[in-house]
Amino acid sequence: MFDSREHPHKRLNILTGDWVLVSPHRMKRPWQGKSESSDTGDLSSYDPGCYLCPGNKRSDGSLNSSYHGPYVFTKDFSALLADTPGGSENEHDLLVENPEALIS
């Protein structure tokens, strides 16, 4: 069942008539906002704490393959999801929401 607090949707701005994409599920992303000073020293080619390095664990628990060249990643927290349920919400034409899903 569609839940506007969990699923991506478009919301009508009743003042302008524009539709705005809302992705509330992206608030579940892990925080990586820590700031550190820049280190110009030796940069290793592998970091065991990096979720993009070969063989390391991703934020969703899956493991990266042991790639050795260019590699294409699936975005962990995309704005749209393929499994967004159908439905819509309309509260007295003041809050109008329609689900948006990723089309693959």
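Author: Glu6 is partly exposed in this predicted model, its relative accessible area being 35%. Its salt-bridge partner is Lys28, and the closest N and O atoms of the two are 2.7 Å apart. Because Glu6 belongs to the segment before β1 (9-12) and Lys28 to the loop between β2 (19-22) and β3 (89-91), this pair ties together parts that are 22 residues apart in sequence. Lys28 itself is exposed, with a relative accessible area of 52%; the cut-off for that class is over 50%.

A second salt bridge joins Glu97 to Arg11, with 2.9 Å between the closest N and O atoms. Here both partners lie in strands, Glu97 in β4 (residues 95-99) and Arg11 in β1, so the contact ties together parts that are 86 residues apart in sequence. Glu97 is buried, at a relative accessible area of 1%, whereas Arg11 is partly exposed at 29%.

Asp76 and Arg58 form a further salt bridge, their closest N and O atoms lying 2.9 Å apart. Both residues are found in the loop between β2 and β3, yet the pair links distant parts of the chain, 18 residues apart. Asp76 counts as partly exposed, at 26% relative accessibility, while Arg58 is buried, with a relative accessible area of 8%.

These pairs are among the five salt bridges that a search of the whole structure finds.

Notes. Residues are numbered from 1 along each chain as its sequence is written. This is a predicted model: local features need pLDDT of at least 70, side-chain atom pairs count only at pLDDT 80 or more; totals for chains, interfaces and linings use all residues. Side-chain values use heavy atoms; hydrogens and water are left out. A salt bridge is a side-chain nitrogen of Lys or Arg within 4 Å of a carboxyl oxygen of Asp or Glu. Helices (H or I, at least four residues) and strands (E, at least two) are DSSP runs, numbered from the N terminus. Buried means under 20% relative accessible area, exposed over 50%, partly exposed in between (1.4 Å probe, protein chains only).
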